[in-house]
Each structure stands twice: as C-alpha cells, then as structure tokens.
Amino acid sequence: MTTVDTHRWTSPAEVSRVATAALAAAGVAEAEQVVEVLVETSLLGVHTHGIRLLGPYLEELRRGVAEAEPELVVRKDTGPVVQLDAGDALGVVAGLRGVELAVDRARRFGVGVVGVQRSNHFGAAGCYARRIAEAGLLGFVTTSAASRVAPYGGTEPLFGTNPVAVAYGPEFCLDMATSQVCFGEIKERGRTGTALEPGWAVDANGRGTTDPEQATSLSPLGGYKGQGLAMMVTVLTAVLVGGPLDFEMPHIGTAVEGRNVAHLLLALDPEALGGAEQATAALDRLISAVRGNQAADPASPVLIPGDPQRAHRERQLREGIELDSATIALLDRLGGEHP
C-alpha cells in the first residue's frame with residue numbers, strides 16, 4: 001500500500017520545488033513563474049484556483065490542449081492597445097505576458113489595454129491585477145470562462161464564473177467571481193458530502209438546491225445584477241477581444257485542442273489623471289475610513305478587499321499550506337518522480 005506523505009506538503013517551498021520540476025519536465029520554460037502564481041493563490045486561501053490546478057494543467061499539456069513552448073505573437077498594436085495571440089499557452093504564461101505589455105504601455109501612454117486570444121485557464125484574476133498594482137498602476141483584469149452559471153431565473157448555464165479583479169496600491173485588491181461561488185467548490189462539497197449554502201446553485205429545473213449532486217448550474221451573484229456583470233465580462237473578453245462565448249467553450253479537462261480563452265488586462269497610470277500622490281493619499285483615507293467604521297460585531301472588524309486573503313497567507317506561512325487530499329496524492333507521486 002502506498003503511503004501519502006501529508007506532512008511534506010505543508011511546506012510552500014517544497015510544493016513549489018516539486019511542482020516546478022513537474023512543469024519543467026513537461027517542457028514549460030516558465031515553470032517557476034507558473035508555480036509562483038499557483039502557490040501564491042493557495043496561500044491567499046483561493047484553493048480552487050491555486051496549486052490544485054497543477055494536475056489539470058499538466059493534463060492539458062500532456063494532451064496538447066496547452067502548448068509547453070507556445071509562440072506568443074502581437075497581432076495588433078495601436079500603442080496603448082495590444083492584441084496578443086497566446087498560441088494556446090498555459091493561461092498563466094499568457095496572463096503574465098499580458099501584465100508585462102499592459103504595464104509597459106501604461107507607462108508610455110497613461111493606459112495599457114491588452115486583449116489576449118487563444119489562451120487557456122489562467123487561475124485567479126487577482127494575481128495579474130496585483131502585479132500591475134505593484135508597478136504603481138491600477139490593474140483591471142478579467143477573463144472568459146466555460147459556462148457554469150445560469151442567467152437569473154434560467155435553467156441552463158450560459159456564463160462562466162467570469163471574474164472581475166481590480167487592484168491599486170499595496171493593499172486594495174478586489175478579486176470576485178460574478179457567481180456566488182466557483183464550480184470547483186460545488187465539486188469539493190460533493191466529494192466531501194457537504195451541503196451547499198442556500199443561493200449557490202440551482203438544479204436542472206432552475207430551483208435552488210443545497211445538494212451538490214443535484215446542482216447543474218451556479219447562481220449569479222446578487223441575482224439579475226450578477227447576470228449583468230457576467231454578461232459585461234463576456235462583452236469585454238469573448239465579444240471584444242475575440243473568442244468563443246462561454247457556452248461555446250469546452251470545459252477544462254474536456255477539450256481536445258486549445259480552448260481559446262480570452263483575457264483582458266488593463267493598466268492605468270494615476271499620473272495620467274489626478275496624479276499618483278493625490279491618489280495614494282485618497283486611497284489611504286478611504287481604506288482608513290472603511291477599516292475604522294464601527295463594526296456591528298466587535299469580534300468581526302470591517303475589512304477591505306484583500307484583508308481576508310492576507311490573513312490566510314500569514315496563517316499558512318506560519319502553520320503550513322492547506323491542500324486537499326487529491327492534490328497531496330498528486331504531489332506525493334510527482335515528488336517520487338522528481339525527488
């Protein structure tokens with residue numbers, strides 16, 4: 001009987017080492033950067049988009065859905081706006097290249113907008129928005145995704161979880177799906193036999209369900225408003241950048257060729273508007289006012305977007321990274337292959 005070493009995989013450094021070796025063995029030159037994004041996401045507590053994706057990404061490379069050595073080509077270039085053909089790259093590779101281009105153009109023109117075509121799943125949108133913010137710019141990032149979300153009052157999924165991420169300064173980072181949760185959470189609840197929260201999903205008849213086995217579609221965030229946000233993301237990605245609509249795109253793990261995911265990355269230089277100095281001061285006042293707001297429950301202080309993730313990161317760096325059993329088993333196998 002094979003024994004799974006759960007203790008070994010509490011170390012972010014060891015997880016990173018083995019995951020990087022596995023991707024490098026698959027021919028990915030940017031393996032270290034890809035793993036950095038995945039581990040960072042797991043440490044922030046967004047486990048569905050973190051190192052758990054290593055297995056699916058390796059499988060897409062093995063099957064030729066994602067290219068280990070893609071040719072990323074700029075197809076259109078107006079100066080501030082760039083259209084990037086990712087050549088079926090891993091989505092993280094394409095996303096990081098999009099960040100580089102967006103930051104470069106924003107510094108030159110005040111704004112940089114990069115539309116990425118022919119990409120794959122790129123994990124958490126916030127990873128790219130934060131990198132743009134680290135350059136002193138405002139980052140706005142979104143992506144198309146295979147359909148999991150039914151329209152408000154509908155029964156069949158038409159939209160992906162279609163995230164919106166906005167980051168500015170060292171602390172503010174909003175990274176949210178336009179659904180109540182991602183479908184990975186539904187699958188994880190099904191795997192562990194845990195009931196869903198009310199309002200997360202609907203069954204085949206469009207009725208709300210808390211049974212993960214009966215859930216066929218996710219519910220949009222905030223009802224019709226979430227549907228509107230999901231459609232907005234589709235317009236910004238598949239419609240404008242170019243690519244299949246969410247319900248025309250194969251799901252990760254089911255495609256036989258590149259999935260043609262579309263990303264949009266925007267970098268905005270505050271100097272082109274009111275100036276970085278006043279923006280920093282205003283943001284500091286805003287953050288202080290929100291955190292200083294009297295909490296209804298003294299035990300639960302008012303937070304800003306990004307605070308819960310930073311708390312997750314600090315705890316996991318201190319106590320060890322949290323991984324599900326399937327990911328631990330994968331890492332244990334890969335650790336044997338890449339000691």
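Helices (H or I, at least four residues) and strands (E, at least two) are DSSP runs, numbered from the N terminus. The model is predicted, so local features need pLDDT of at least 70 and side-chain atom pairs count only at pLDDT 80 or more, while totals for chains, interfaces and linings use all residues. Residues are numbered from 1 along each chain as its sequence is written, and side-chain values use heavy atoms, with hydrogens and water left out.

**View 1. Helix α6 and the glycine that follows.** Helix α6 covers residues 183-192, and Phe183, Ile186, Glu188 and Arg189 in this helix are buried, where buried stands for under 20% relative accessible area, exposed for over 50% and partly exposed for values in between (1.4 Å probe, protein chains only). These buried residues of α6 pack against β7 and β9, a contact being heavy atoms within 4.5 Å. Glycine 193 comes after α6 and has a positive phi, near 70°.

**View 2. The sheet of β8, β7 and β9.** Three strands form an open sheet in the order β8-β7-β9, with antiparallel pairing; two strands pair if DSSP finds at least two bridges between them. Because β8 (208-209) and β9 (217-218) stand at the edges with a single partner strand each, one side of each has no neighbour in the sheet. Strand β7 (residues 201-202) is joined to β8 by two bridges, and the two run antiparallel, with alanine 201 opposite threonine 209 in β8.

**View 3. The nonpolar cores.** A nonpolar core is a set of buried Ala, Val, Leu, Ile, Met, Phe, Trp, Tyr and Cys residues joined through side-chain atoms within 4.5 Å. The largest has 59 residues, and those with the most contacts inside it are Leu23, Leu54, Leu90 and Tyr128. Helix α4 (residues 91-109) gives the most to this core, with nine residues. Leaving aside residues up to four places away in sequence, tyrosine 128 touches several residues, including Val37, Leu96, Phe122 and Leu265. A second, separate core of 11 residues includes Val149, Phe183, Ala201 and Ala215.

**View 4. The second largest pocket.** On a 1 Å grid over the protein atoms alone, a pocket is an open set of points where a 1.4 Å probe fits, with protein on both sides within 12 Å along at least five of seven lines, and lining residues have an atom within 4 Å of a point. Among the residues that line the second largest pocket are Glu30, Val37, Leu96 and Arg131. Helix α4 gives the most to this lining, with five residues.
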